[in-house]
Amino acid sequence: MTWLERIAVVVFMVLFMECFAWAAHRYIMHGWGWGWHKSHHEAHEGWFEKNDLYAAVFAIVPIVLFVVGLWWEPLWWAALGITIYGLIYTFVHDMLVHQRGGFRWVPKRGYFKRLLQAHRLHHAVEGKDGTVSHGFLFARKPAVLKAQLRAHAEQQHKRAPQARNPAKTPAAADQ
Ligand SMILES: [Zn+2]
Ligand SMILES: [Zn+2]
């Protein structure tokens, strides 16, 4: 492979992973995978969340690709792209937004401020449904997200009143 091809594979995978992460967060974690992700949306004590299991499971993929990539080079570079995305994600989501590891930096302007606001708005809704901004590196303007939140809230209001406060499922409450 030429260096141009290697870089192209890495960049493609970083962008692909943002799409994958968005879809997984939107449809799996806020869908049938809510059981693990729920822990990330509620206050808790201790260092780890059940939600961290997602990172552990997803990490298996690049590890396998690094190994198989020893025989077929493009896969090795694809694995590197996934790993770089994982590092960026950890920085933006875990450190910048959720201040894990004692990281304290509140950007006052620019791209990182937008990411921070967007993900805080993701956490503005309690629970599985009606959330906005499921991506991490591409975020819409806070004003757009706030309008989406208002629209979701109105929709829920229109539905049957008993659906407004869904009872917590006992199965998901174990911690
Ligand atoms: Zn979420
Ligand atoms: Zn979060």
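A residue is termed buried if 20 or more other C-beta atoms lie within 10 Å of its own, exposed if 12 or fewer do, and partly exposed in between, with C-beta atoms placed from the backbone. The structure is a predicted model, in which local features need pLDDT of at least 70, side-chain atom pairs count only at pLDDT 80 or more, and totals for chains, interfaces and linings use all residues. Residues are numbered from 1 along each chain as its sequence is written, while chains are lettered from A and ligands numbered from 1 in the order in which they are written.

The protein chain contains 6 helices and 0 strands, where helices (H or I, at least four residues) and strands (E, at least two) are DSSP runs numbered from the N terminus. The order of elements from the N terminus is accordingly α-α-α-α-α-α. Along the principal axes, the C-alpha atoms of the chain fill a box of roughly 60 × 40 × 35 Å. Of the 175 residues in the protein chain, 17% are buried. Two residues are in contact if their C-beta atoms, placed from the backbone, lie within 7 Å. Among contacts with a separation of 6 or more, 49% are made by residues 24 or more positions apart.

A nonpolar core is a set of buried Ala, Val, Leu, Ile, Met, Phe, Trp, Tyr and Cys residues joined through C-beta atoms within 7 Å. The largest such core has 11 residues, namely V9, M13, M17, A21, L65, W77, A78, A79, I82, Y85 and F136. Two or more residues of this core are given by each of α1 (3-32) and α4 (73-97). The largest share, 5 residues, comes from α4. A second, separate core of 5 residues includes A118, L121, A139 and L145.

G81 is also placed in helix α4. This residue counts as buried because 23 C-beta neighbours lie inside 10 Å. Not counting residues up to four places away in sequence, G81 touches V9, V10, F12, M13 and V14. The C-alpha atoms of G81 and P62 are separated by 8.8 Å, although the two residues are 19 residues apart along the chain.

Helix α4 also packs against helix α5 (residues 110-122), at an angle of about 75° and with the axes 11 Å apart. Axes are lines fitted to C-alpha atoms, for helices over the stretch in contact, and angles run from 0 to 180 degrees between N-to-C directions. The two helices α4 and α5 are therefore roughly perpendicular; angles of 65 to 115 degrees fall in this class, whereas those under 35 count as roughly parallel, those over 145 as roughly antiparallel and the rest as oblique. At this contact, V92, H93, L96 and V97 of α4 meet F112, L115, L116, H119 and R120 of α5. These residues divide into 6 nonpolar, 2 polar and 1 charged, with Ala, Val, Leu, Ile, Met, Phe, Trp, Tyr, Cys and Pro taken as nonpolar, Asp, Glu, Lys and Arg as charged, and the others, Gly among them, as polar.

Q117, A118 and L121 in α5 face P142, L145, K146 and L149 in α6 across the contact. By class, the residues involved are 5 nonpolar, 1 polar and 1 charged.

Two loop residues have positive phi values. Q99, which is not a glycine, has a positive phi of about 50° and lies in the loop between α4 and α5. Q99 is exposed, because 12 other C-beta atoms lie within 10 Å. S133, in the loop between α5 and α6, has a positive phi near 55°. S133 counts as buried, with 25 C-beta neighbours inside 10 Å.

The record assigns "domain: Fatty acid hydroxylase" to residues 10-127; UniProt positions are given in the numbering used here, feature names are shortened, and annotations may be inferred rather than shown by experiment. Over residues 10-127 the chain is 69% helix and 0% strand, with the end C-alpha atoms 35 Å apart. UniProt also lists residues 6-24, 53-72 and 78-97 under "transmembrane region". Residues 53-72 are 80% helix and 0% strand, and their end C-alpha atoms are 29 Å apart. Residues 78-97 are 100% helix and 0% strand, and the end C-alpha atoms of this span lie 27 Å apart.
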